[in-house]
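Here are a few notes from going through the model. Have the structure open while you read.

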Amino acid sequence: MPPRVSRSFKLNFVFLNIFGIWPGNETRTYYKYYSAVFIFVSLFMYNVLLTLNLFYTPPRIGTVIREVVFYFTELAVTGKVIMILMERKKIVKVLSLLDCEYFQGENEHSREIIKDHIDKYSIYWKVYATLSNFAYFSQIFLPVISHFIFNTTLDLPICKYYFLSDQFIQRYFFYLFTYQTIWMYGHMTYNVNIDTLIAGLIFMAIAQLRVLNYNFKKFSTSVKKTDNNSKDMEMLKLNRYLMHYNTILSYCSEIQQILSISLFVQFGMASAVICVILFGLLLPTSIESLIFMISYFFAMVLQILVPAYLGSLLGIESQELVFAGYCCEWVPRSKEFKSSIKLFLTRANKNILITGLKVFPLSLDTFVWIMKTAYSLLALIRNVQNQQT
């Protein structure tokens, strides 16, 4: 038997369990207390302090932009965490669907397609985690090293807590620095594992559609016409494929319900951050701020590009089912077979799409629209600036 598909998300849930938001199938009493304390300290208090900091931030454009960028990012992280906490039962159901009989592959080539997608997802998770950890350690430890070697000024890594006095910050600098450092890593871990989980759930749906496309295209060679009970075998095979398709539809419906609000928040906050950064690039700024804004800009672009690309792939693969259905040599087959294929093609004509709160489809068209809108806003601000000078 092939390994369970849900096992590909093992590392995601291990880290989410450690950081207090994934108890697994069953919630134990001690974990409830652990999770409540962890979320209160790392998320609720963190966001309260971040909100106070934004409120007291000096009204200087360069300073405000950095704080707004971090704040919008934190709102997106909070939305993802709430999704995991609120949709745990649905996520468990989705994982059980991934391990059902129809999703394991019935022949060697099908299992190879599934295994290839699992391997690609594993590589994606490792690359994403490596880059995120590198960015984290660069943000935290490079300034510390520079401080001890070159005696440079060491600031708090996320926000300066403008609502606190300078004397208070200097007195408790170590504790404030440690607090931000630890929970910044926690939020980075949330981002890595929830972002990859979202992408992985969509990616596994794509894998199943590719398996189904392959099976329909190879239908004529998978059933031998010389068998005495060939008609019965044909219908059994077709019914199995139709049940596979129905399971894919159920799976996609479940991940739509799970991801809908989270995707809306993620795309909304990322779009806001992109617009803020582009506005910041129009202003005179230091080299450090320029590097920060450019790197953060590409991070936000990638954060919405990957799910948008996978959403487009999902639509393309579901559309391919219509062509695959016509390839199964249905003309010489029984009336029952033709009726079933006709119903299947009627449903397959409607593409499978994931949407963000039913406001926008998850696709490359949405990504392009966001980037065009951000550029148009940038051009408008630029024109206003030119008219005022």
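How many aromatic pairs does the count come to? Some points on that, and on a few other things, follow.

1. First, a caveat: this is a predicted model, so take everything below as computed from it. On the question above, the count comes to 33 aromatic pairs.

2. Tyr179 and Trp183 pair edge-to-face, with 6.3 Å from centre to centre and 75° between the planes. If you wonder why both numbers are quoted, a pair of aromatic rings is described by the distance of the centres and the angle of the planes. The planes count as edge-to-face because their angle of 75° is over the 60 degrees needed.

3. Where do Tyr179 and Trp183 sit relative to each other along helix H7? They are four residues apart in H7, so about one helical turn separates them. Tyr179 has a relative accessible area of 18%, so it counts as buried, the cut-off being under 20%. Trp183 is buried too, at 13%.

4. Tyr179 and Trp183 also belong to a cluster linked by ring pairs. Among the other members are Phe19, Tyr31, Tyr34, Phe38 and Tyr46, along with Tyr136, Phe137 and Phe141. Tyr185 and Tyr190 are in the cluster as well.

5. Now for the partner of H7. Helix H7 covers residues 173–217 and helix H10 covers residues 287–326; their axes come within 9 Å and cross at roughly 15°. That angle makes H7 roughly parallel to H10, because anything under 35 degrees counts that way. The crossing of H7 past H10 is left-handed. Sorted by class, the residues in this contact are 15 nonpolar, six polar and five charged.

6. While you are on H10, look at Leu321, which is found in that helix. Is Leu321 buried or exposed? Its relative accessibility is 0%, so Leu321 counts as buried. Leu321 and Ala348 are 27 residues apart in sequence, yet their C-alpha atoms are 6.3 Å apart in space.

7. Last, the cysteines. The disulfide count comes to zero. Take Cys327: it is in no disulfide, and the nearest cysteine sulfur, that of Cys328, is 8.0 Å away. A disulfide would need the two sulfur atoms within 2.5 Å. As for accessibility, Cys327 is partly exposed, with a relative accessible area of 27%, whereas Cys159 counts as buried at 2%.

Key: Residues numbered from 1 in each chain as written. Predicted model: local features only at pLDDT ≥ 70, side-chain atom pairs only at ≥ 80, totals over all residues. Heavy atoms only, no water. Buried < 20%, exposed > 50% of the residue type's maximum accessible area, 1.4 Å probe, protein only. Axes fitted to C-alpha atoms, helices over the stretch in contact; angles between N-to-C directions. Helix = DSSP H or I, 4+ residues; strand = E, 2+ residues; numbered from the N terminus. Parallel < 35°, antiparallel > 145°, perpendicular 65-115°, else oblique. Left-handed = near helix turned anticlockwise from the far one by under 90°. Nonpolar A, V, L, I, M, F, W, Y, C, P; charged D, E, K, R; others polar. Phe/Tyr/Trp six-rings, centres within 6.5 Å; stacked < 30°, edge-to-face > 60°.
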